[in-house]
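The following note concerns the contact between two chains. Please read it alongside the sequence and the model.

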Protein chains: 2
Amino acid sequence: MQDLAQQFEFILEIDKLKAIYRQTSVQCDNSRAENSAEHSWHIALAAQILEGYAVEKINIDRVIKMLLIHDIIEIDAGDLFAFSVANEHKLQAKKELAAAHRLFSLLPNVQYQEMKNLWLEFEDAISADACFAKSIDRILPVLLNIAAQGGSWLKHQVRAEQVLARNILLQKSAPKLWAYVSDQVAIAVKNGWLIRS
Amino acid sequence: MQDLAQQFEFILEIDKLKAIYRQTSVQCDNSRAENSAEHSWHIALAAQILEGYAVEKINIDRVIKMLLIHDIIEIDAGDLFAFSVANEHKLQAKKELAAAHRLFSLLPNVQYQEMKNLWLEFEDAISADACFAKSIDRILPVLLNIAAQGGSWLKHQVRAEQVLARNILLQKSAPKLWAYVSDQVAIAVKNGWLIRS
């Protein structure tokens with residue numbers, strides 16, 4: 001039962017993702033900060049709903065699996081605000097790689113390899129699956145910030161060009177969703193929720 | 001873009017699952033109540049990790065999809081404590097069916113049918129996929145309550161036989177996991193975390 005002991009240890013360890021808080025808010029719950037576990041659930045389901053907009057051939061089951069694990073590394077590395085400066089992102093990438101090693105290696109070796117490779121593929125955002133997964137991870141905060149009349153954009157004085165640059169993957173992976181984001185960014189600028197670039 | 005508008009409406013509506021609180025606690029976060037969105041993430045990933053213990057042939061991708069949507073109906077119907085009396089469970093089942101109709105029908109018709117059928121299959125717990133999915137949904141609170149030295153069992157004076165009855169599906173779907181649950185229940189009784197039957 002060595003494998004089972006390791007698997008249960010991993011399952012209990014990742015419970016900690018429920019205490020990693022993001023910049024986005026949960027509107028329906030007194031605007032408390034959203035945590036990375038519930039965020040991961042939301043985007044895994046959103047990817048399934050929006051699968052039909054992917055223009056390249058994707059395997060939605062792999063996309064969902066990527067999205068379920070993509071933030072686990074934050075248990076050790078923390079969540080970095082999307083619009084932080086480039087230097088911070090470099091340091092964060094190092095922390096995340098170490099975290100992936102520590103966390104996934106709690107699992108039996110075959111599962112460790114599978115999970116780590118899937119996470120690395122997501123991070124690289126080159127394969128069609130990873131590209132679509134990352135696009136969905138990035139479009140959801142747009143939806144939530146629009147619904148919250150500015151949300152974390154207002155709080156951090158985010159510029160329209162930053163949101164567009166962050167969602168540029170969509171242009172290639174799902175052009176119809178990209179058109180939607182572009183429209184929403186224009187509305188947000190008009191409403192004063194994003195700073196005009 | 002009628003479909004896209006409906007899909008985004010659904011995606012925003014299910015955000016409310018983040019405000020549905022369960023009886024189990026999140027230990028790593030000052031023992032606050034766990035919500036059904038983060039719970040759904042946790043069990044979807046747990047199912048993937050524990051896939052190898054299923055004795056019947058299952059399609060893990062369908063299992064994951066079931067687990068991602070299985071609690072959405074709580075947005076309208078609320079979460080009922082697992083060990084409530086039978087009468088309450090009957091009333092709850094009616095509320096949940098109405099909730100499934102309202103929530104999934106926000107989606108375009110094809111997706112509505114798919115989601116509702118998948119949810120009904122999970123509820124019936126007859127197919128191998130649904131049986132394994134439901135087993136995982138029930139084993140995770142055992143893990144969490146053991147880690148919390150009794151947790152919601154202690155709070156609600158739960159009896160050992162109730163936990164065993166609730167996990168009986170495991171006996172058929174994943175006997176090795178059933179053996180683990182039986183052992184853990186015995187330990188919990190010994191430690192005073194569950195009432196001896």
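**Note on the interface of chains A and B**

1. Chain B and chain A each bring 52 residues to their contact, where contact means heavy atoms within 4.5 Å. This is a predicted model, in which local features need pLDDT of at least 70 and side-chain atom pairs count only at pLDDT 80 or more, while totals for chains, interfaces and linings use all residues. Residues are numbered from 1 along each chain as its sequence is written, chains are lettered from A in the order in which they are written, and side-chain values use heavy atoms, without hydrogens and water.

2. About 4,500 Å² is buried between chain B and chain A, 73% of it on carbon and sulfur atoms; buried area is the accessible area (1.4 Å probe) that two parts lose on being put together, summed over both. Lys18(B), Trp41(B) and Ile49(B) supply 17% of the area that chain B buries against chain A, more than any other three residues.

3. Between the chains there are 4 salt bridges, each a side-chain nitrogen of Lys or Arg within 4 Å of a carboxyl oxygen of Asp or Glu. Lys18(A) and Glu34(B) form a salt bridge through their side chains, at 2.8 Å from N to O.

4. Helix H1 (residues 2-13) of chain A and helix H7 (residues 128-147) of chain B have axes that come within 11 Å and cross at roughly 80°. Axes are lines fitted to C-alpha atoms, for helices over the stretch in contact, with angles from 0 to 180 degrees between N-to-C directions; helices are DSSP runs (H or I, at least four residues), numbered from the N terminus. H1(A) is therefore roughly perpendicular to H7(B), the term for angles of 65 to 115 degrees.

5. Phe8(A), Ile11(A) and Leu12(A) of H1(A) meet Ile139(B), Leu140(B), Leu143(B), Leu144(B) and Ala147(B) of H7(B).

Methods:
Helices (H or I, at least four residues) and strands (E, at least two) are DSSP runs, numbered from the N terminus. Angles under 35 degrees count as roughly parallel, over 145 as roughly antiparallel, 65 to 115 as roughly perpendicular and the rest as oblique.
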